[in-house]
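Welcome! Open your viewer, get ready to select residues by number, and follow along stop by stop.

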Amino acid sequence: LDEQIKTAQEQLNSARILDQELSQFARIIDNSLSRAPRFSFDEINEFKTKIGELAHQRKISINKMSDTNKWSLPNLIESTYNLELEATFVQIGQFISDLEAQDNIIKIQTLDISPTQTTEELGPNVDSRYRVILELSIFKVRKEA
């Protein structure tokens, strides 16, 4: 009887984990479907705000940020964001991980990293700073009527 209880408990735990993963996936799918022909201004501004908040949490400087609607495949809606950031290498990695954790389909089109200030210029206990050019796109699939 103990063995059956143990097996049932393991199956229950597996089902709970699977439910959490699938609900996250379902949220991404819900955020990625639209009947609109393009992203709304509110959606664009909301994502820009999210980027700003993520950068602020990681203490990353945003030097430039712009957005454009891109032409894409017939039932695909794409909005592209161009960012110029200044951060340490660790902060860049954390920021990219934060972007990956968003409930949207995001593709990093371009990632260019170049040093702005090295450890020698800043001092022995300060991390090097990098200039990061990041072009990323958010996608939605247009639902058929």
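A polar contact is a pair of N or O atoms within 3.5 Å; within protein, one must be able to donate a hydrogen and the other to accept it, and residues adjacent in sequence count only if both atoms are side-chain atoms. What you see is a predicted model, where local features need pLDDT of at least 70, side-chain atom pairs count only at pLDDT 80 or more, and totals for chains, interfaces and linings use all residues. Residues are numbered from 1 along each chain as its sequence is written, and side-chain values use heavy atoms, with hydrogens and water left out.

**Stop 1: Lys 140**

Select Lys 140 together with Glu 43: their side chains make a polar contact of 2.4 Å. Lys 140 sits in strand E5, residues 129-142; strands (E, at least two residues) and helices (H or I, at least four) are DSSP runs, numbered from the N terminus. Is Lys 140 buried or exposed? Lys 140 is buried, because its relative accessible area is 10%. Buried means under 20% relative accessible area, exposed over 50%, and partly exposed in between (1.4 Å probe, protein chains only). Now show the residues that Lys 140 touches, leaving out those up to four places away in sequence: among them are Asn 31, Phe 39 and Ile 77. Contact here means heavy atoms within 4.5 Å.

**Stop 2: Glu 78**

Next, pick Glu 78 in strand E3, residues 76-87. With a relative accessible area of 8%, Glu 78 is buried too. Which side chains join that of Glu 78 in a polar contact of 2.8 Å or 3.4 Å? Ser 137 is the partner at 2.8 Å, and Gln 109 is the partner at 3.4 Å. Beyond four places in sequence, Glu 78 also touches other residues, including Phe 39, Trp 71 and Phe 139.

**Stop 3: Pro 115**

Move on to Pro 115, in strand E4 (residues 105-117). Pro 115 counts as exposed because its relative accessible area is 56%. Not counting residues up to four places away in sequence, Pro 115 touches Arg 129 and Tyr 130.

**Stop 4: Leu 33**

Finally, select Leu 33, in strand E1 (residues 33-34). Its relative accessibility is 34%, so Leu 33 counts as partly exposed.
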